[in-house]
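Subject: Structure handover

Hello,

Here is the structure I promised you. Please open it and keep it on screen while you read my notes below.

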Amino acid sequence: MLRPSRSTQYVTAARTVLVVACLLTLLTTPGVLAQEQHEGLLAWYPADEGTGEVLHDAIGGYHGRILGARWVREGEAVALDFNGLNSYVDCGDAEPLRLKDGPLTIALWVRINTDRQQYLITRYGWSLYLAAGGVPHFEARSEDNASWQTLAGDRALQLDHWHHVAGVYDKAAGEWRLLLDGQRIAAAPRHEGFGGLYRSKLAFGSWAWTQTQFLDGLLGDLRLYGRALADEEIAALYKAGETHYIRGLRSPPRLLSLWLRPMPTVGKLVVDLAFRNLAEAVPEPGALVELAPAEGPPVHTARVARLDHEGRGWVELPTGDLRPGQYTVRARLTSPDEPLPDVADAAAVWTKSGGKPWWLAPTPGPTEVVPRPWPPLAVSDSGDTRTVACWNRRYLFRGAPFPVAVESAGAALLARPIRLRLRTDRGTGVWVAGGLRVKEQSPSHVVLETQARGAGLALTGRTTVEYDGMVRVDWRITPQEARELQELVCEIPLRADIARYWYYYPDRSRSWEDHRPGSLPADAVRIPFNPTIWLGDETRGLQWFTEHDADWLPADREGAVTVTRDGDAVLLKLHLIGRPVALDPASAATSPGGQAAVGSLAYTFGFQATPVKPVTRDAWDLRSSTLYTSVYSVAEPGPDGTCGLDRIAAAGVKTLSLMDWTNILCYNQPTEPDKLRHFVQECHKRGIQVLVYFGFQISDAAPEFAEWMDQVANWYEPRRYSYDSGLDNYPPKPTQTVYRVCYQSAWADFVVAGAARCMDEFGVDGVYLDGTGCPLPCYNPYHGCGPVAGDGTAHPRTTFFATRRMMQRLYAEIMSRNPNGQINLHNSSFMTMPSMAFATSCWDGEQLSTTPDRPMPERMPLDYFRTEFMGHQWGVAQEFLDYVLPYPFATEWGLTLLHDVPIRPYMYEEQYDLTSRLWRLMDEFGRRQAQWLPYWSNTDAVSVEPRGAYASLYRHPRNGVLVVVMNYTTQAAAVRASLQTARLGLPADAQARDGLTGELWPIQEGRLELPLEPLGWKAIWVR
């Protein structure tokens, strides 16, 4: 800090008196400014407490929570020390401190220990940070929140010196300025406010949005003004502080910090250590860690023999045998094995809770009950072939782990059997089947065991087929004697006339917009490892998947997966081994890539033919809408006795998904139970089902956060605690930080148990899952992810089986309580049938966000829509999410109607009006009884001109034909649709009407001429 600390009595008074008294106190404090220079001061953090975990605001009461930072003192001077590794101050989201329109002044004192990039103070809309080299930057979002804007200083801070940094946005003058030690170092015009501040935390010492770029140094006397201070005022602030400049107040030369991370279900407490050394090097730094009860000697000790080059290390302390209660964790720096006396011990308190949370389930066993709409599995034999039949599909096996044939809706999907091709140092091998037997058989699953031999290798497999048609193959190759495996490729040959489209898993390191499934390219496809590939057409297909590539060693990782054409087949090739791997039955190693020989190679593959189930209620039947803010208010009657629910019901809505039913994002219990119960009752009176929101994150506002976060969190990079986090953006919930979770963890129980309790206690009809059913790659080893290859590198696990198991349990819980219950999955771009099979509907489209000048036909080619967004080939009801394409709601309906897919409306009158009219049209026409004739397969029924115009038809046995015509180009066109009236069963004198307006439309001998604007469409009823 930059001035002597006031007495404890003074600090206590300053925290409790009124703002007026506080300002008077400021005037009497030595070295502070005159009263007029405190005008507009909204928050002031003197940072002179010296103790405690709260950084107090002496003006507005917007106190901050100190996380990892430590108090340092030199005589009576005090400051807050940030370790540059994980420490920061969280001041929450006080609305008066957003200052999104300006003016604004930020001023603070700082002393840095390193010159890397680091943040001093931040909100998402404006920040002060130091770039690499120590140059100050004033950073802000543009007023429309579309871009970052940065004002850079022309000089840098010196290491280990106190400096005063200030940023000013002078709205009246139309400029923003940056000052260092009272002198202007940058200025530029600025005539707008700040975007991005609607939901954003104020933080000191880190980039608050992702909690990265931590400050290494001291902060003091932080001020926020709601006015633009003049340069002279800031110079006076600098002078006032300089008067009390305490040159000896610096970060301790050596600092040991620790961070506690509980892992409840595995009975461990992970202690992360960080050693910051600003003095001479310490030989072989290590640490001794002790865990002790409140009273008594340590119960566990552990040693870190050597911290890494960054001073980081960690130990795991066993906690499963400990009694509930409070414990102290203490860490002592050692060199090489002896404690260093000049480094203070790091200590923290940890509390072991008693019992287990209500939502944590015992390890779930296999599901034996076959839920609707699937029938039980049927097994039959024919010679040496065993057939396992599920709904609408059959899998044939013959002495190998993989199917030799797969059928969907009576059509063969494979051109020939799946083949495992290998080459060793002794030549190419041919597998000789050694037998196939049924190990287990029940209505819900069948387990087959197989054996084969070839080239001195044994191939064993355990194949499990489940009632929804998911096939899991666990297979292993074991050498009978030492040899070298040079190549191992799995070839899946699909019929070329069916494998016309391909879907692949999104690359999360790239933009969502880069993900473009669609027509299979004419040329060979060559891509790095991808955990799932689907090949098929508009009605059926086959999905292959696997969870990780830790045991893959392809010759070229950029071509680990290829798709090529081979006559009447499309070959999906999985290049498992392409470099020499030494095999030795005496070795215990099982993963290639290292120096040692491996004793066996083990893999797990999944296959699932689609569609996965009959769609008994599609999105046209479910008629969904979503409520976001103030959800319960629509159930309250107005002056005329009606309420918003009456209008929603009158529009035809039959399903409502509630976003803000709990103040904790992604939580499993309501904030206002009575209101939720009443709302559900009112919806049921009107024939509306209610789904509550469950997301893919854990919130720091959740009571479970401190104990469970680290064990259940998704790590998205191969480094410890690489959290995918962000700020909640769903008001009116309080601002909170949320972290992505992984359902390989116990958080799957949190979702399943919470949904069941909500149905039991409040009568809800199911859940709206925001990405919850989408398997994501994860490196967190504390719940079984991040498998390690033979070369020691961790690989992400894409949790198909764990996520599937959670969805399977969720489906069972919901359907056992309500046979008409719903699981609506918001899945944008993640078409993963092992888990999606248990969604009753999905809502896809958020990945389509783009800039307004990009035409819809370019952003959404029709083959892309056919591949992903229809639902017919998947067996899951689909609806389209419209709010990200830069086109009007009405325009997008043309695209979706061509594909028999509805759009979910929001709480906007114009959206409800159009959607309601379309719902009524489909009811009046009798869509349920009609045959759908889509544009890609109806040329015998209709021809359309010009190019770029399309027509899909609904043909009813009595009510005629509903023709959906769209001009899918960026130019106006006179579209001609010529109907084959005899083929369609239409009379020669058929009449045509606009299905929405009832307006008569000219038709002659089945010919319709429709002048359509760019992307224009019409629904014409001909009868």
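Predicted model: local features only at pLDDT ≥ 70, side-chain atom pairs only at ≥ 80, totals over all residues.

A strand here is a DSSP run of E with at least two residues, and strands are numbered from the N terminus.

**T385**

Is T385 buried or exposed? T385 is buried, because its relative accessibility is 10% and the cut-off for buried is under 20%. Leave out residues up to four places away in sequence, and T385 touches S380, L396, F397 and R398. The side chain of T385 also makes a polar contact with the side chain of D384, at 3.4 Å. Now look for L436. L436 is 51 residues from T385 in sequence, yet their C-alpha atoms are 9.0 Å apart in space.

**T799**

Next, another threonine. T799 sits in a loop. That loop runs between β53 (797–798) and α9 (800–817). T799 has a relative accessible area of 1%, so T799 is buried. Which residues does T799 contact, leaving aside neighbours within four places in sequence? They are E547, C742, Q744, P775, L776 and C785.

**Cysteines**

A disulfide is a covalent bond between the sulfur atoms of two cysteines. How many disulfides does a search of the whole structure find? The search finds 0. Two cysteines show why. To count as a disulfide, two cysteine sulfur atoms must be within 2.5 Å.

- Take C666: its closest cysteine sulfur is in C774, 13 Å away, so the gap is too far for a bond. C666 is buried, at 5% relative accessibility.
- Take C683: its closest cysteine sulfur is in C643, 8.7 Å away, and this too is too far for a bond. C683 is buried, at 0% relative accessibility.

**Two helices**

Two packed helices are described by the angle between their axes and the distance between the axes.

Write back with any questions.

Best wishes

Key. Residues numbered from 1 in each chain as written. Heavy atoms only, no water. Buried < 20%, exposed > 50% of the residue type's maximum accessible area, 1.4 Å probe, protein only. Contact = heavy atoms within 4.5 Å. Polar contact = N/O pair within 3.5 Å; in protein donor to acceptor, adjacent residues only side chain to side chain. Helix = DSSP H or I, 4+ residues; strand = E, 2+ residues; numbered from the N terminus.
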